[in-house]
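Dear colleague,

I am passing on the structure we spoke about, and my notes follow it. Please read them with the model open beside you.

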Amino acid sequence: MRYRSSMASLALALCITTASANAFDESKYPDWTGQWRLGPPAKWDPTKPPGRGQQAPLTAEYHAIFEANLADQAAGGQGTDPTYTCIPDGMPRAMNVVFPMEIVILPKTTYIMIEYLSMLRRIYTDGRDWPKGQEPSFMGYSIGNWIDEGGTGQYNLLEVETRNMKGPRAFDPSGIPLHSDNQTIVKERIYLDKANSDILHDEITTIDNALTRPWTVTKNYRRDRNPIWIESICTEANPHIRLGKENYMLSADGYLMPAKKNQQPPDLRYFSQSQK
Amino acid sequence: MGWKLSALWTSGMLLSTSIAAMAHHSFAMFDQENPIELTGTVQEFKYTSPHSYILLAVMGQDGTTVIWNLEGQAPSLLARDGWTSQTLKPGDEIIITIHPLQSGAPGGAWNVIRAKFKDGRPIGGNR
């Protein structure tokens, strides 16, 4: 009897799911299926050289932090780029899409799944307001709006705002920093190229207290309709580690190697000195 | 340490571009100005994330063998260059140009463009 009841519940659930699925009018939404690639080199503004060449509009305080980061990187360190330990990019850096992304559009949520570090964005398009008491996350909390620009009868533009990120985060591997207060707001306009539907544009504006003004860049992703998807689990084989304030690399046999010239070994204060 | 290495100054700029292209993290720990060529025997090929690794046994001029830990592109990029987890096997003899660790320790970064079997055959689908 209990079994029959369970089956009935399942059948009812399926009916409801099917009804919901039928309510989703796919023709109202753009075709963003397939694999979207930007690929390396990962620099924030694709139109400018990396590092100082990005001309990031940093405040004096954060410009000094960026310069100190560059000096550390020149010596073999990682500066203010935190991702070498497998910390996710977070927003907005995730949209560098070092490895490809897939976009899944559902009526209430659009999902952006980025192969690199298995990063997932949920963009809520159900008209909700910003939640209260939400814990911050690297990818932040995203609310989107579908827009039919030009009255075509079909949505062709997704506007997204993302808030409530946590850090540490940087714009790209050169270590261009975001403010440690994590008050970043990211605004995006995502749409297909009018002349080539295999190009997807993302105009990204970052508002952050490390910047003197909003910083807008445009990413242009290329569609691959026959994609190869590869699992990307960063902790699988990452030999780069941080001990104290220093980064080291593991050797082939699993021992610490210095990453910098003349780098001192880590502090072993909690090990018995007689231990060899 | 006396490794039998040849510095490839002329190709430095090309390789710098290739290494920077990997971009999971800053590659400043690797000497991008002074690439070196290693000839050795593959001990293990790790087709892993966030990077692939070749553990390469290289004999120095003094006759000692050291295993180098060589960081390459992630499978996500290697696959698109025609590489699989079976592309390199233990015992394969290869010649590979790398950017060594600035510290001088036996580690470095490599790119498919500058890797070939010792007999000159290309590896994977590389050029």
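A:Tyr124 and A:Tyr141 are both buried, where buried means under 20% relative accessible area, exposed means over 50% and partly exposed lies in between, computed with a 1.4 Å probe and the protein chains only. The charged end of A:Arg128 sits over the ring of A:Tyr124, 3.7 Å from the ring centre; a charge is taken to sit over a ring if NZ of Lys or CZ of Arg is within 6 Å of the ring centre and within 35 degrees of the ring normal. In chain B, B:Arg121 lies over the face of B:Phe117, at 4.3 Å from the ring centre.

Before going further, please note that this is a predicted model, in which local features need pLDDT of at least 70 and side-chain atom pairs count only at pLDDT 80 or more, while totals for chains, interfaces and linings use all residues. Residues are numbered from 1 along each chain as its sequence is written, chains are lettered from A and ligands numbered from 1 in the order in which they are written, and side-chain values use heavy atoms, with hydrogens and water left out.

As for the fold, chain A has two helices and twelve strands, which are DSSP runs numbered from the N terminus (helices H or I, at least four residues; strands E, at least two). Along the sequence their order is α-β-α-β-β-β-β-β-β-β-β-β-β-β. Of the 276 residues of chain A, 43% count as buried. Among the contacts in chain A with a separation of 6 or more, 56% come from residues 24 or more positions apart, a contact being heavy atoms within 4.5 Å.

Turning to the aromatic rings, there are twelve aromatic pairs over all chains, where rings of Phe, Tyr and Trp (its six-membered ring) pair if their centres lie within 6.5 Å, and planes under 30 degrees apart count as stacked, over 60 as edge-to-face and the rest as tilted. One of them is the tilted pair of A:Tyr29 and A:Tyr155, with 5.2 Å from centre to centre and 55° between the planes. This pair links distant parts of the chain, 126 residues apart: A:Tyr29 is in the loop between helix H1 (2–23) and strand S1 (35–37) of chain A, and A:Tyr155 is in the loop between strand S5 (141–147) and strand S6 (157–163) of chain A. A:Tyr29 counts as buried at 11% relative accessibility, whereas A:Tyr155 counts as partly exposed at 23%. Ring pairs also link A:Tyr29, A:Trp32, A:Trp146 and A:Tyr155 into a cluster.
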